[in-house]
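Thanks, everyone, for making the time this morning. Please have a look at the chain on the screen before I start talking through it.

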Amino acid sequence: MSAPLVPSLFGACYVLTGWIVWIVDWILRAIGTVIPPIYAPLDALANWLASSSVLTVLTWFVIALVMVVWASLINLLTVMWVERKFYSRLQDRYGIMISIWSLPLWPFNRRKDVPTHKGWGYLQNVADGMKLLQKENLVPASADSMMFNIAPAWIAGTTLMLFAALPWSSGFYVANLDLGILFILASFSLAPLGILIAGWSANNKYSLVGGLRSAAMLTAYEIPLILVVIALVFTTGSLDPKIVVSQQERPLLTLGPLVIPAWNLFSVQVIGFVVFLVAIVAEMERIPFDLPEAEAELVEGWTTELSGMRFGLVFGFKWLRMIAGSALLSILYLGGWSGPVFTTLYLGTVPIPIIPEEIWFMLRIYLLSVFFIWLSWSVPRVRIDQILNIGWKRLIPLSLLAIVAAAAVRVVTG
């Protein structure tokens, strides 16, 4: 199987932190040399910064920063851009498809009467973020101001918690937890509480109805989500994401040069895959399961009173939850970051795999995200009673069937 491009995120960040501390130490000692009276305290400070314990603590801060930048800035902006471009093609929204090159005063546009698609439009998301940062954050006069301010931070914080235990390869992760999948599911289950708090604290009937709908819907879908993971434990015997992925790397069937991997999707867990797929769409609150904030029915639901960057946080972090949900679906059923090895180049003594694990993993994440986007912009939403019937009367029995089937296979195969 392919090797990771980042064999150890902690090791890479430790080297980076060491370089930063070395530069800071050099600056401190240079200042102390210029001003002799303060050389001794600055030298002591430099030695303290260079100690192994301080370097380790600083490294963990750098790891957290790297993961936030990787998840929130790079992947979040990319998925938002992909959705805009994709649904503009699906629904023929011409305004989104044209670019800055179409402006009549743009000197590089040779035909002023024909809009062009040149340009990526990637920075549009950055412009939207800057616009939201400049808007005033209003708090309704009758709202519970403390809870109203806590709710967006709660949603953002619990979403970022997902990436603390979510590995992007066998070496690119913040923390390798034995119960990492359970931690990720627990983090998923915390966000609905923030949604309920946001709907209740705004003291607005539309927000309250949206928050209550969210609590009812997400409760109905979190139960089958956890049940199918229990079924998966019969096959994997572990809740460690790295172990789950490693078990799917073995070949299931060989047809000449074609090797079919032993993904859990190709086993008795196919029932659990279907249930997990439907439930994770509900956890993302995407159409057809977006009734908690259905703008056509609830005046934006629980986000009615949110403005400025509060709205930007809760709106943008829905895409982060889609990335995390796609990553978890890939780890559990689609082989995670495993992929074929083509060749490995060497930069000196450093191996650089062609198509490393991180690329295979991101490929699966983005393909699943495009599927969820396609689904959201192609089907109508369903009523709240239909949503609850699907969760309680369809998915829970199917998830129990998945447990029985997985247990039976386990008994038969020993």
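This is a predicted model: local features need pLDDT of at least 70, side-chain atom pairs count only at pLDDT 80 or more; totals for chains, interfaces and linings use all residues.

Let me begin with helix H7, which runs over residues 180-201. Just after H7 comes Asn203, whose phi is positive, at about 55°.

Which residues of H6 are buried? They are Phe148, Ala151, Pro152, Ile155, Ala156, Thr158, Thr159 and Leu162, and the buried residues of H6 pack against H7 and against helix H12, which covers 308-333.

Now to the charged side chains. In general, side chains of opposite charge can pair when their charged atoms come close. How many salt bridges does a search of the whole structure find? The search finds three, and I will take them one at a time.

In one of them, the side chains of Asp43 and Arg29 meet with an N to O distance of 3.0 Å. Asp43 lies in helix H2, residues 39-49, while Arg29 lies in helix H1, residues 9-34, so this pair ties together parts that are 14 residues apart in sequence. Arg29 has a relative accessibility of 27%, and therefore counts as partly exposed.

Another salt bridge joins the side chains of Glu83 and Arg286, at 2.7 Å from N to O. This pair links distant parts of the chain, 203 residues apart, with Glu83 in helix H3 (residues 52-90) and Arg286 in the loop between helix H10 (270-284) and helix H11 (295-298). Are these two residues buried or exposed? Both Glu83 and Arg286 are buried.

The remaining salt bridge is between Arg321 and Glu283, where the closest N and O atoms are 3.8 Å apart. Here too the pair links distant parts of the chain, since Arg321 belongs to helix H12 and Glu283 to helix H10, 38 residues apart. Arg321 is buried, because its relative accessible area is 6% and the cut-off for buried is under 20%; Glu283, with a relative accessible area of 0%, is buried as well.

How values were computed. Residues are numbered from 1 along each chain as its sequence is written. Side-chain values use heavy atoms; hydrogens and water are left out. Helices (H or I, at least four residues) and strands (E, at least two) are DSSP runs, numbered from the N terminus. The expected span of a helix is 1.5 Å times one less than its number of residues. Buried means under 20% relative accessible area, exposed over 50%, partly exposed in between (1.4 Å probe, protein chains only). Contact means heavy atoms within 4.5 Å. A salt bridge is a side-chain nitrogen of Lys or Arg within 4 Å of a carboxyl oxygen of Asp or Glu.
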